[in-house]
Amino acid sequence: MKNFWLSLPAKLREASDGLGLLALRIWLAQEFLHAGLMKLKHGSMAPEWFVNLNFPFPVRLLSEDQNWVAAGLGETVFGALLLIGLQTRLASLSLLFITWVAVYTVHFDLGFAGWDQIDTEMGQGFKLPLMMACMLLATLTQGGGRWSTDAVVCRLFRRFRLQAV
């Protein structure tokens with residue numbers, strides 16, 4: 001009985017391994033999927049507020065309409081990949097780039113702005129995108145975790161490779 005109580009923390013740690021990364025992936029994915037689908041729902045023509053933005057290189061090489069569609073597709077595709085944990089590091093890096101462009105073009109000039117300005121006409125500062133970037137940094141450096149498609153593919157690949165030897 002004593003061994004059970006000594007091994008309980010290790011068993012709990014093993015059972016919960018990757019749950020934090022799963023929670024981060026789900027939270028980030030729903031945010032990016034929502035933003036991307038809203039852009040795609042709007043259509044391929046950028047709204048007026050988007051047209052006058054000063055985009056950084058290299059995205060300034062695209063037209064405003066192309067940037068609008070690229071942002072919508074990027075947030076949707078990479079958000080979906082993040083949700084299922086497939087190519088998690090690539091999706092995180094891509095979403096970090098999209099977030100950087102958004103902060104550079106829209107959010108930074110609005111200041112740090114608190115939660116009370118998220119859905120107002122005043123816009124939103126860079127506090128929320130900065131938090132999302134920190135979360136994306138975790139999934140970029142740690143991967144999708146135990147509860148991801150990446151982990152399942154790795155386990156299957158290892159099993160297949162061991163059987164082939």
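Thr99 counts as buried, at 8% relative accessibility; the term buried denotes under 20% relative accessible area, exposed over 50%, and partly exposed the range in between, with a 1.4 Å probe and protein chains only. The place of this threonine is in helix α5, which spans residues 88–107. Helices are DSSP runs of H or I with at least four residues, strands are runs of E with at least two, and both are numbered from the N terminus. The side chain of Thr99 reaches the backbone oxygen of Leu95 at 2.7 Å. A polar contact is defined as a pair of N or O atoms within 3.5 Å; within protein, one atom must be able to donate a hydrogen and the other to accept it, and residues adjacent in sequence count only if both atoms are side-chain atoms.

The structure is a predicted model, in which local features need pLDDT of at least 70 and side-chain atom pairs count only at pLDDT 80 or more, whereas totals for chains, interfaces and linings use all residues. Residues are numbered from 1 along each chain as its sequence is written, and side-chain values use heavy atoms, with hydrogens and water left out.

The protein chain has seven helices and zero strands, and its pattern along the sequence reads α-α-α-α-α-α-α. Of the 165 residues in the protein chain, 35% are buried.

Leu95 and Leu136 are 41 residues apart in sequence, yet their C-alpha atoms are 7.5 Å apart in space. Leu136 has its place in helix α6 (residues 127–142) and is buried, at 0% relative accessibility. Thr88, which lies in helix α5, is likewise buried at 0% relative accessibility.

Side chains of opposite charge can pair when their charged atoms come close. With a salt bridge defined as a side-chain nitrogen of Lys or Arg within 4 Å of a carboxyl oxygen of Asp or Glu, the count comes to one salt bridge. This salt bridge joins the side chains of Lys39 and Glu75, with an N to O distance of 3.0 Å. The pair links distant parts of the chain, as Lys39 is in helix α2 (residues 19–42) and Glu75 in helix α4, 36 residues apart. Lys39 counts as buried at 16% relative accessibility, and Glu75 counts as buried at 8%. Lys39 also lies over the face of Trp68, at 5.8 Å from the ring centre. For such an arrangement, NZ of Lys or CZ of Arg must be within 6 Å of the ring centre and within 35 degrees of the ring normal.

A search of the whole structure finds six aromatic pairs. The rings of Trp49 and Phe50 form an edge-to-face pair, because their centres are 5.5 Å apart and their planes lie at 90°. The rings of Phe50 and Phe55 have centres 5.2 Å apart and planes at 55°, so this pair is tilted. Rings of Phe, Tyr and Trp (its six-membered ring) pair if their centres lie within 6.5 Å; planes under 30 degrees apart count as stacked, over 60 as edge-to-face and the rest as tilted. Trp49 is exposed, with a relative accessible area of 51%, whereas Phe50 is buried at 6%. Phe55 is buried, as is Phe50.

On the surface, Ile26, Leu83 and Ile84 form a nonpolar patch with about 240 Å² of accessible area together. Patches consist of residues with over 30% relative accessible area and no salt bridge; like charges are joined within 9 Å, and nonpolar side chains (Val, Leu, Ile, Met, Phe, Trp, Tyr) within 5 Å. Accessible areas come from the Shrake-Rupley method with a 1.4 Å probe, and for residues only the protein chains shown count as cover. Leu83 is found in helix α4 (residues 64–84) and counts as partly exposed at 37% relative accessibility.

Two backbone features complete the description. Most residues other than glycine have a negative phi, and most peptide bonds are trans. The peptide bond from Phe57 to Pro58 is cis, with omega near 10°. Pro58 lies in the loop between α3 (48–51) and α4. Gln87 has a positive phi of about 55° although it is not a glycine. The place of Gln87 is in the loop between α4 and α5, and this residue is partly exposed, with a relative accessible area of 46%.
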